Amino acid sequence: QLDAAQLRSLAHISPTMKLAVALALLPAAAAFVGPAASAAPATKVCETKADMEVLAKQLNPAVGFWDPLGCLNFDFWQLGQEGTIGYLRHAE
């Protein structure tokens, strides 16, 4: 609780300053709101090595499919071929 002397000391603060303090405190409340739910992706991406070979020929017929390290034959963390391809595409 504020006494009369404290209220008088606060009276000199301009309305603009009071508004600035109030607005500075507003974004803090937004930090406690969860993100909006996103819709599921419309496209389903399940690609195998054969799918990648076809896609490579469509996108660049001069080079075609080129995997010099044979990365699409690996099985990263037991994800399977599709999981490994997904991981590599995400990483590029």
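**Going through the model**

Trainee: What does Y87 count as at 39% relative accessibility?

Mentor: Buried means under 20% relative accessible area, exposed means over 50%, and partly exposed lies in between, with a 1.4 Å probe and protein chains only. Y87 has a relative accessibility of 39%, so it counts as partly exposed.

Trainee: What kind of model is this?

Mentor: Residues are numbered from 1 along each chain as its sequence is written, and side-chain values use heavy atoms, with hydrogens and water left out. Local features need pLDDT of at least 70, side-chain atom pairs count only at pLDDT 80 or more, and totals for chains, interfaces and linings use all residues; the model is predicted.

Trainee: What pattern does the chain follow along the sequence?

Mentor: Helices (H or I, at least four residues) and strands (E, at least two) are taken as DSSP runs and numbered from the N terminus. The chain has four helices and zero strands. Read along the sequence, that gives α-α-α-α.

Trainee: Which residues lie closest to the centre of the largest pocket?

Mentor: A pocket is an open set of points on a 1 Å grid over the protein atoms alone, where a 1.4 Å probe fits, with protein on both sides within 12 Å along at least five of seven lines; lining residues have an atom within 4 Å of a point. The volume of the largest pocket is about 390 Å³, which is the space filled by probe spheres set on the points, these being joined across faces, edges and corners. It is lined by 15 residues, and the closest to the centre are M52, F65, W66, L72 and E92.

Trainee: Which element gives the most to the lining of the largest pocket?

Mentor: Two or more residues come from each of α3 (49-59) and α4 (80-91). The lining holds ten nonpolar, two polar and three charged residues; Ala, Val, Leu, Ile, Met, Phe, Trp, Tyr, Cys and Pro count as nonpolar, Asp, Glu, Lys and Arg as charged, and the others, Gly among them, as polar. With four residues, the largest contributor is α3.

Trainee: Which residues is F65 in contact with, leaving aside neighbours within four places in sequence?

Mentor: F65 sits in the loop between α3 and α4. At 28% relative accessibility, F65 is partly exposed. Contact means heavy atoms within 4.5 Å. Beyond its neighbours within four places in sequence, F65 touches K49, M52, E53, A56 and L72.

Trainee: Is E47 buried or exposed?

Mentor: E47 lies in the loop between α2 (15-30) and α3. Apart from neighbours within four places in sequence, E47 is in contact with M52, L55, E82, I85 and R89. Its relative accessibility is 18%, so E47 counts as buried.

Trainee: What is the relative accessible area of T84?

Mentor: T84 belongs to helix α4. Leaving aside neighbours within four places in sequence, its contacts are C71, F74, D75, F76 and L79. T84 is buried, and its relative accessible area is 1%.

Trainee: Which residues do ring pairs link into a cluster?

Mentor: Rings of Phe, Tyr and Trp (its six-membered ring) pair if their centres lie within 6.5 Å, and planes under 30 degrees apart count as stacked, over 60 as edge-to-face and the rest as tilted. The whole structure holds four aromatic pairs, including the edge-to-face pair of F76 and W77, at 5.6 Å centre to centre with 70° between the planes. W77 and Y87 also pair edge-to-face, at 5.0 Å and 70°, and this pair joins the loop between α3 and α4 to helix α4, ten residues apart. Ring pairs link F74, F76, W77 and Y87.

Trainee: What is the phi of Q78?

Mentor: Most residues other than glycine have a negative phi. W77 has a positive phi near 50° and is not a glycine. Q78, in the loop between α3 and α4, is exposed at 70% relative accessible area. Q78 is not a glycine either, and its phi is positive, about 55°.
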